[in-house]
Amino acid sequence: MDNQRLLVWAAFGMMIWFTYQAWMEDYGPKPVPQVAEQAEQAEETAPAATEDLSLPELGDDTAAPGEAPGGSLPGDPEPASAPRDDTVRVVTDVLDVEISLRGGTLVQATVLGYPVEKDRPDELVQLLSPERSELGLIRTGLRSAVGDSPSHSSLFTAGKETFDLGNADEVVVPLSWEDGNGLYVEKRLTFSRGSYAIGIEQTVRNATTEPWRGDQYTQLLRRSREQERSMFNVASYSFDGPITYDGDKSEKIDRGDLIKKGPVEYATADGWVGAIQHHFLSAIVPDAEAQHIFRVEISNDTTIASVVGAKQTVEAGESHTFTRTLYVGPKLQAQLGELHERLKLTVDYGWLTILSQPMFWLLAFIYQYVGNWGVAIIGVTILIKLVFYKLTESSGRSMAKRRNLQPRMKALQERYKDDRQQLSQQMMELYKREQVNPAAGCLPILVQMPFFLAFYWVLVESVEMRQAPFALWITDLSARDPYFVLPLIMGAAMLMQQKLNPAPADPVQARVMQIMPIMFTGFFAFFPSGLVLYWSTNTILSIAQQWKINKVVEKEAKQKKGSKKNKKQKDS
């Protein structure tokens, strides 16, 4: 197998793969009629996010406390948008949140320190919003088979309108509700310094003469829309929509599947559900102690993810606290892992997670010492090169030997230019005689491709590198080089690398190899600059390695030639 031929096909394969993905997203079959039907209904009726969400009964109402949940969620006539009641505002060092007194619903959440675009620092990312086009709500409530309970439509009271973290480590927002007959509920939302996790506690105090029996529920409402893909915007390939974890595996749920196949539903004691978008996450994470029912559905361009907890009985004169945790913020893997080990799966590295996760860990480890993600990328590239040094050295020696054989190979081509079979046979005999393996260069290329793709997803999906500067004009490693300097450096390095390698025997292949640096330069021009930095560094290191190998092989060839000459003189 010819090394250059494999490189050509690998390069074309990559470009075909990316092109195919873009074409399928832009022009592939879509469930248009159903989406259109949903859109028409949305114009005529109120969004169905308020309809009762039927859940399977896993036990009757007389079962013991702590049983699995069931029943249907409370319904109300309100539309799937933020309640227009009074709100309280909570400001921490990382979040700016508005909470409606109607149910204690989180109706707005702005992520501080994360501008939508780096050149517009005042326009911050908003994960929860009452606006229909960017709808995002998280609502919580209690439900009971007997008597009244505060649902997400019940009106609470608060002691003040604004809560500021200030210099404290945490701030607690207490909301109160009572039914007038002796049932009191306090909903406490806890925000901590530097954290995007929000703790929810709902304490039921039963001052009546009868037992209270009920469970808690949480709903995440998020706008749903078709994703627009573009070959010139790699971020557009990040999944935008609901994601679930059923205690065994995580699954991204496609909008079309929800419309076509209906709701997704499962029960587990160790799960979570969320809505992801590029770099950011809104999620519901129940306590991993009792079984919960999870349900995800879509209605009128709104995705509704529901979590219902286990029934509890609160005897007269007693109290009980229901707990739940929310996450609203960037997909910072350290914080996600603290909340739930598998919540890190929301960082969508796809099928290369097995490589991408260790590579990100290594990047983060180096970053702790150098404080620059660009320098960390260079460091990881050097380490990867060292790990595969012996493998690439074997390939490099083979190419160096073939380079030294170029005059003899050219002579064979001239001699047998009209006999391809004889030429091939003579070439193989020459390789065998000189101990050259023409296929030695294949394995390093095949090994590098998965690492290249894994690194691609690390740079695209890791929020830690979002808008991270490197040096000089590179102010965002997750975006393309604004002046295309790095791609040009990479193209020049590839040309230099070609000069060190043997030219292909086939003239057609030789011409293709000559234009490949130009093709790659244009192709990489729209890739994240961090990825181009990785590939440029890798190419420069490969040049240094091949140059050294060529010198060593040339020296060995001269010594071998001298030894043969001396032996011949002695024999004569």
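A few ground rules come from how the model was handled: it is predicted, local features need pLDDT of at least 70, side-chain atom pairs count only at pLDDT 80 or more, and totals for chains, interfaces and linings use all residues. Numbering runs from 1 along each chain as its sequence is written, and side-chain values use heavy atoms, with hydrogens and water left out.

Strand β20 covers residues 302-308. Strands (E, at least two residues) and helices (H or I, at least four) are DSSP runs, numbered from the N terminus. Seven of the seven residues in β20 are buried, so the strand is largely enclosed by the rest of the structure. Here buried means under 20% relative accessible area, exposed means over 50%, and partly exposed is in between (1.4 Å probe, protein chains only). T302, I304, S306 and V308 point one way from β20, while T303, A305 and V307 point the other way, and all are buried.

As for its partners, β20 runs antiparallel to strand β13 (residues 212-223), with seven bridges joining the two; two strands count as paired if DSSP finds at least two bridges between them. R222 has T303 of β20 as its bridge partner. Strand β19 (residues 292-299) also pairs with β20 in the antiparallel sense, over seven bridges, and F294 sits opposite V307. The hairpin of β19 and β20 has two residues between the strands, and in it N300 takes a positive phi near 50°.

Elsewhere, nine strands make up an open, antiparallel sheet in the order β8-β10-β11-β12-β22-β18-β17-β14-β15. Its edge strands are β8 (157-158) and β15 (250-252), each pairing on one side only. Within this order, β17 (residues 272-277) and β18 (residues 280-285) run antiparallel and are joined by five bridges, with V273 opposite I284 of β18.

Then there is helix α5 (residues 353-370). Its 18 residues should span 26 Å at 1.5 Å a residue, and the end C-alpha atoms are 25 Å apart, which agrees; the expected span is 1.5 Å times one less than the number of residues. S356, M359, F360, L363 and I366 are buried in α5. Looking down the axis, the buried residues fall within an arc of 135°, so they line one face of the helix; that arc is taken from the directions from the helix axis to the C-beta atoms. On the other side of α5, I354, W361, Q368 and Y369 are exposed. After α5 comes G371, with a positive phi near 70°.
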